[in-house]
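Colleague: Could you please walk me through this model? I am new to it and would like to begin with how the chains meet.

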Protein chains: 4
Amino acid sequence: MAGNSFGDVFRITTFGESHGEAIGVIIDGCPPNITIDEAFIQSELDKRRPGQSKITTQRKESDTAKILSGVFEGKSTGTPLAMVIPNEDQRSKDYSHIADKYRPSHADYTYQMKYGIRDYRGGGRSSARETAARVAAGAIAKSFLAQFGIHVFAHVSGVGKIEAPNLATHDIDELTALRESNIVRCADPATAHEMIAFIDAIRKAGDTVGGRISATIQQVPVGLGEPVFDKLHADLAKAMMSINAVHGFEYGSGFAGSQMQGSEHNDVFVNPDGDANNLKTLTNFSGGIQGGISNGMDITFRVAFKPVATLMRAQQTINEAGESTEITGKGRHDPCVVPRAVVIVEAMAALVIADHLLKNQLYDPTR
Amino acid sequence: MAGNSFGDVFRITTFGESHGEAIGVIIDGCPPNITIDEAFIQSELDKRRPGQSKITTQRKESDTAKILSGVFEGKSTGTPLAMVIPNEDQRSKDYSHIADKYRPSHADYTYQMKYGIRDYRGGGRSSARETAARVAAGAIAKSFLAQFGIHVFAHVSGVGKIEAPNLATHDIDELTALRESNIVRCADPATAHEMIAFIDAIRKAGDTVGGRISATIQQVPVGLGEPVFDKLHADLAKAMMSINAVHGFEYGSGFAGSQMQGSEHNDVFVNPDGDANNLKTLTNFSGGIQGGISNGMDITFRVAFKPVATLMRAQQTINEAGESTEITGKGRHDPCVVPRAVVIVEAMAALVIADHLLKNQLYDPTR
Amino acid sequence: MAGNSFGDVFRITTFGESHGEAIGVIIDGCPPNITIDEAFIQSELDKRRPGQSKITTQRKESDTAKILSGVFEGKSTGTPLAMVIPNEDQRSKDYSHIADKYRPSHADYTYQMKYGIRDYRGGGRSSARETAARVAAGAIAKSFLAQFGIHVFAHVSGVGKIEAPNLATHDIDELTALRESNIVRCADPATAHEMIAFIDAIRKAGDTVGGRISATIQQVPVGLGEPVFDKLHADLAKAMMSINAVHGFEYGSGFAGSQMQGSEHNDVFVNPDGDANNLKTLTNFSGGIQGGISNGMDITFRVAFKPVATLMRAQQTINEAGESTEITGKGRHDPCVVPRAVVIVEAMAALVIADHLLKNQLYDPTR
Amino acid sequence: MAGNSFGDVFRITTFGESHGEAIGVIIDGCPPNITIDEAFIQSELDKRRPGQSKITTQRKESDTAKILSGVFEGKSTGTPLAMVIPNEDQRSKDYSHIADKYRPSHADYTYQMKYGIRDYRGGGRSSARETAARVAAGAIAKSFLAQFGIHVFAHVSGVGKIEAPNLATHDIDELTALRESNIVRCADPATAHEMIAFIDAIRKAGDTVGGRISATIQQVPVGLGEPVFDKLHADLAKAMMSINAVHGFEYGSGFAGSQMQGSEHNDVFVNPDGDANNLKTLTNFSGGIQGGISNGMDITFRVAFKPVATLMRAQQTINEAGESTEITGKGRHDPCVVPRAVVIVEAMAALVIADHLLKNQLYDPTR
């Protein structure tokens with residue numbers, strides 16, 4: 001009912017506020033005997049961590065995940081796997097100035113109206129800090145998927161009006177190297193250079209900007225997805241839309257596909273391997289999903305992020321008493337969230353695929 | 001686990017194949033003492049029914065819903081409300097030619113691979129016919145919401161490359177009259193005229209085209225939505241993406257918003273009524289949802305539909321034996337789904353809002 | 001939320017009132033390619049049907065289940081399997097005399113208070129007639145389990161103060177033959193004779209009596225059950241307690257075991273087959289379940305049913321206006337429910353085992 | 001799917017192994033603005049803590065719960081409330097001798113078979129230590145229920161063959177004082193004296209013994225329970241059966257009621273206050289629940305616990321290699337669990353009532 005769990009079989013429940021004791025996550029339904037690599041979990045958290053570069057918030061937090069249960073001698077046991085990430089650099093005083101003010105385009109007003117109480121420090125539960133717990137869980141989902149050769153890759157494909165060209169390669173390692181070669185995490189270095197300059201200018205102006213992240217999931221077996229409501233792309237959509245600041249989702253041909261005609265949009269089946277159980281399609285406007293079920297082609301989708309709402313300049317707003325007031329962002333904030341959100345998109349995608357991979361075992365006719 | 005239920009409190013479970021005995025739905029969690037108006041349910045089904053106009057399939061089905069339980073003396077009793085819609089004009093022979101062929105961009109291949117068996121007649125469970133059950137359930141959700149003055153309105157805002165201008169009015173009755181004044185269900189008559197001519201030309205060419213539906217939900221109280229995963233827009237996204245042929249969803253500023261800067265995108269709070277518990281915003285780039293919770297402004301979103309995959313022309317494909325073959329659409333199909341999908345979008349939106357309205361009772365601090 | 005669904009993977013949702021159009025059930029999550037035997041479904045319904053013998057209600061209903069979806073060419077397709085059982089011999093007039101009276105130890109008062117409305121005819125949704133839908137679903141669960149050699153057997157082990165001795169055999173076929181040799185469905189013919197005479201005398205006195213049903217589930221593989229809350233016996237308990245008139249559940253040594261000492265109660269492990277993965281225990285006080293997980297021994301449990309509340313004699317009660325009044329059972333009622341409840345107990349047990357068998361595929365280390 | 005969550009609206013998810021870093025719980029769905037009393041949480045944990053008296057294990061653990069989230073300035077915020085209880089006195093070496101042996105009537109064998117791996121230290125996840133997390137969550141449920149005047153009371157009503165007489169009073173405070181006046185937690189001091197002497201003798205003999213706990217829940221409003229599967233007593237049964245060592249559950253007249261006749265068992269309605277919406281019954285064989293819904297009378301139930309499986313004497317068993325071996329309990333164990341289980345029974349009952357109290361808001365016709 002309360003919405004802090006995601007997934008059915010590989011199920012996560014997150015907790016924690018931005019400036020409380022800690023945030024964390026329980027994974028219930030993680031299969032047993034999976035090797036748990038704490039160094040990998042940390043490397044994932046580092047991609048989301050604040051203070052990475054000049055175009056992210058300068059706030060400093062090490063974001064170290066501690067495993068409390070569900071692991072024995074380095075392997076998952078099939079029991080709940082709990083991880084906690086303590087909150088360090090809290091600086092609650094930074095937020096005293098917003099204790100009774102509703103920040104524009106933030107969740108202050110809606111949380112106050114819904115719950116009648118809120119932890120105003122740093123946005124409390126509505127803070128994007130919660131996504132660190134998702135990244136930690138996503139790292140374990142990725143380790144599980146890697147056993148099946150399944151890999152998720154996301155990168156920044158758009159910032160403001162700047163658009164990256166289509167990916168030059170499908171090789172995950174090459175793509176990752178290209179993406180990690182720059183601080184904005186765009187796999188096209190030339191576009192990355194442009195994006196970084198733009199974000200830096202925006203930051204200096206005390207403003208913020210939105211962006212887009214594109215993702216591909218490779219080597220997903222045929223059969224993942226549970227029609228008619230839990231279609232694979234419907235669960236991917238919900239997962240992405242649940243990430244802070246996301247305003248749009250499309251898969252395969254997406255919105256552009258809605259302008260096309262069937263004769264150009266249909267993906268023609270071919271049988272390159274002479275295996276009737278392993279067909280491919282010449283094009284992939286379907287984005288690897290047909291009828292809500294993966295068809296063995298690469299799964300592709302794109303996510304739109306609105307600009308960060310906290311500005312380093314004065315804004316008009318209303319306080320809890322209903323009076324007009326002015327507010328100016330303090331603390332340390334991101335001018336653009338997409339560079340740090342890439343690993344969040346990957347984590348949520350990995351969680352969806354892990355959940356559906358397990359679900360599909362229940363129907364696999366070959367078992 | 002299996003994905004044929006939607007919603008938590010106001011929960012529907014649908015069943016039925018295109019050419020089986022019947023399709024239907026159980027609503028579990030429908031509040032008691034709601035007046036059940038069978039004429040209204042029928043009028044909603046009529047909006048989705050085939051054979052409405054020259055730009056929809058000519059297949060004839062009356063699509064009459066029969067209530068089997070959960071209603072006593074015209075009112076809901078709080079027990080499961082079951083409705084069945086018998087399948088009439090089945091013409092199974094129309095489908096014998098595709099019994100062993102995988103139609104391009106359909107679910108034939110993925111269903112066969114996932115389940116090892118499929119009812120190939122008319123797409124079986126993957127047929128959009130299943131959405132009639134959603135419309136019947138949505139009609140009851142709408143009746144429930146009407147008690148709170150909440151109304152959902154959707155219309156066709158795009159067909160192919162044709163785009164409708166922004167709505168000229170916010171009055172639901174006016175909008176509905178404008179929309180129902182034309183067979184494509186666009187609330188802008190001039191654009192409607194253009195769309196109809198285009199779809200008719202596409203139909204004559206044996207081709208199909210995609211389109212877009214825009215929706216607004218008015219008078220939604222503040223507080224609906226369950227962060228951090230069951231955010232109101234995340235559940236709307238999943239609901240829309242679960243509709244056949246949908247490839248994209250955006251709310252509020254959507255993808256366009258991801259090109260904007262915070263200083264232009266933020267919605268400034270105002271207090272027009274001098275009521276601290278009833279604030280408004282000057283703009284509504286947030287689409288009526290902040291932090292995943294409704295803020296009292298109109299909820300706005302847009303849905304992208306791919307072109308119909310069944311073409312009245314020959315296409316190359318593969319059969320179950322893995323051999324190359326050719327297929328040509330028989331039977332009677334839609335050149336464009338959006339005119340009939342408007343009421344499906346409304347139904348799914350009403351189901352999401354009804355579900356969250358009930359959930360929110362559990363947290364409402366004013367109770 | 002509303003409680004008309006049971007199970008997670010093999011999930012049923014039932015609907016229908018005693019005197020409405022029909023009752024029925026949707027099974028969502030039934031694996032594909034299971035042979036659906038309508039004759040077997042009917043034979044199961046016949047065991048629950050009214051009018052079987054002099055010691056059951058004389059009400060006549062054929063209770064025929066019609067399959068509406070989820071089956072193609074005799075096999076399950078993995079899509080929702082819906083079944084409807086029309087209500088025939090309704091005689092609503094029989095119930096006009098209780099329209100505004102609260103029958104003692106029935107659900108009239110609680111339903112009226114909870115929902116503010118109720119279908120008073122024959123108890124409406126609270127009628128045990130709903131269990132016919134469970135039996136139909138249970139028949140399909142039994143067919144699924146039979147593929148794995150798993151069999152559920154229940155019989156009447158107690159009526160009033162009459163207790164049957166322990167079962168003389170473990171052979172399912174012999175036990176079934178013994179049980180079906182008498183109308184009270186007790187596998188001990190001598191005790192059955194005594195029970196029948198007692199129930200008949202109770203019936204003639206216009207009174208009713210309670211009883212007990214004992215069950216065993218054979219050939220359940222090791223590993224079924226999901227600690228710490230969804231332990232196999234916890235789900236069996238909920239399943240049994242959800243059956244009308246049930247007041248108690250125990251498994252293995254049960255209440256008697258709570259009087260024992262560890263040294264006599266512990267089940268000693270042995271390895272008769274020299275297979276470390278297929279151990280047995282010398283005794284089975286654990287009832288085939290240890291730590292909430294099946295251990296490969298027979299699962300054993302017992303269920304207590306209260307006496308039927310409807311008496312063929314005058315009783316004092318209160319009406320909806322709060323006034324004292326008198327009520328006398330009309331219509332045709334059972335003097336004792338256990339003979340017809342045996343197949344209901346089996347059905348619910350089969351549904352629990354089918355659900356857990358599927359769940360356990362997700363953790364099976366041998367996969 | 002994995003079974004570590006309980007409840008739908010007031011939902012808990014527990015984690016942790018006996019000898020891992022910590023155990024803990026997340027409550028998702030705890031209503032906002034509830035005063036969180038850490039001293040009360042601790043006082044509840046103290047009732048379950050080891051080392052309380054000569055008839056409990058001498059193991060020493062402070063069992064201190066630390067709140068990590070969901071509480072702001074002493075009140076719940078409606079966001080997930082996470083609590084962690086660190087594991088202290090672990091003495092893992094105590095368990096080296098059972099690393100490869102299956103203890104009789106424990107979960108070692110079933111966990112190993114199900115998951116293919118297990119944390120053998122102290123039973124790992126199957127240890128009753130997990131119930132400390134339930135008690136901490138139950139304390140918060142009790143605080144919530146106290147706002148409505150609802151109170152849960154349980155006590156030890158039986159040890160081995162010793163049975164306590166019916167309660168002499170219904171006053172919660174008196175009952176609590178009587179129960180806490182002795183170390184076995186029986187509200188009848190004379191019987192308590194007898195029980196203590198018996199348990200002490202059993203302990204000296206290196207043996208263990210089972211027992212029974214009886215509970216009453218007072219001031220539960222009419223209307224709690226969600227037929228037909230989530231009946232209030234069905235959820236109470238599942239909650240109790242999920243507690244370690246429980247083998248039986250009955251409510252109201254229970255097993256004894258199954259020996260009675262309807263004419264003696266029916267609860268006659270009366271209207272003492274002249275309020276048609278607040279009826280009572282002369283007797284309470286229904287245990288405060290009719291048709292699965294609370295009727296306003298005291299809810300009564302009884303729970304049976306098997307004897308502790310760990311004995312301080314040599315027992316024959318089998319090891320992971322399938323070989324015969326001998327095992328003798330080391331470490332510090334309870335001769336009888338019921339004195340420490342009283343607060344666990346209360347906690348689970350409070351969780352069930354809190355969950356259903358919230359659910360019932362969704363249907364309350366008076367709203």
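Colleague: How many salt bridges are there between chain A and chain C?

Modeller: The count between chain A and chain C is 0, a salt bridge being a side-chain nitrogen of Lys or Arg within 4 Å of a carboxyl oxygen of Asp or Glu. Please note that this is a predicted model, in which local features need pLDDT of at least 70 and side-chain atom pairs pLDDT 80 or more, while totals for chains, interfaces and linings use all residues. Residues are numbered from 1 along each chain as its sequence is written, chains are lettered from A in the order in which they are written, and side-chain values use heavy atoms, without hydrogens and water.

Colleague: What area do chain A and chain C bury between them?

Modeller: About 1,100 Å², with 60% of it on carbon and sulfur atoms. Buried area is the accessible area (1.4 Å probe) that two parts lose on being put together, summed over both. The contact (heavy atoms within 4.5 Å) takes 10 residues from chain A and 10 from chain C.

Colleague: And how many salt bridges lie across the interface of chain C and chain D?

Modeller: The rule finds 6 there. In one salt bridge, the side chains of C:Asp230 and D:Lys238 meet at 2.7 Å, N to O. Chain C and chain D bury about 8,700 Å², and the contact takes 112 residues from chain C and 113 from chain D.

Colleague: Which three residues supply more of the area that chain C buries against chain D than any other three?

Modeller: They are C:Met1, C:Lys114 and C:Phe229, which supply 11% of that area.

Colleague: Changing topic, at what angle do helix 1 and helix 3 of chain C cross?

Modeller: The axes of helix 1 (residues 38-48) and helix 3 (residues 131-146) of chain C cross at roughly 140 degrees and come within 9 Å. Axes are lines fitted to C-alpha atoms, for helices over the stretch in contact, and angles run from 0 to 180 degrees between N-to-C directions. Helices (H or I, at least four residues) and strands (E, at least two) are DSSP runs, numbered from the N terminus.

Colleague: Why are these two helices called oblique to each other?

Modeller: Angles under 35 degrees count as roughly parallel, over 145 as roughly antiparallel, 65 to 115 as roughly perpendicular and the rest as oblique, so helix 1 and helix 3 of chain C are oblique.

Colleague: Where is the cis peptide bond in chain A?

Modeller: One runs from A:Pro227 to A:Val228, with omega near 10 degrees. A:Val228 lies in the loop between strand 11 (211-218) and helix 6 (232-241) of chain A.
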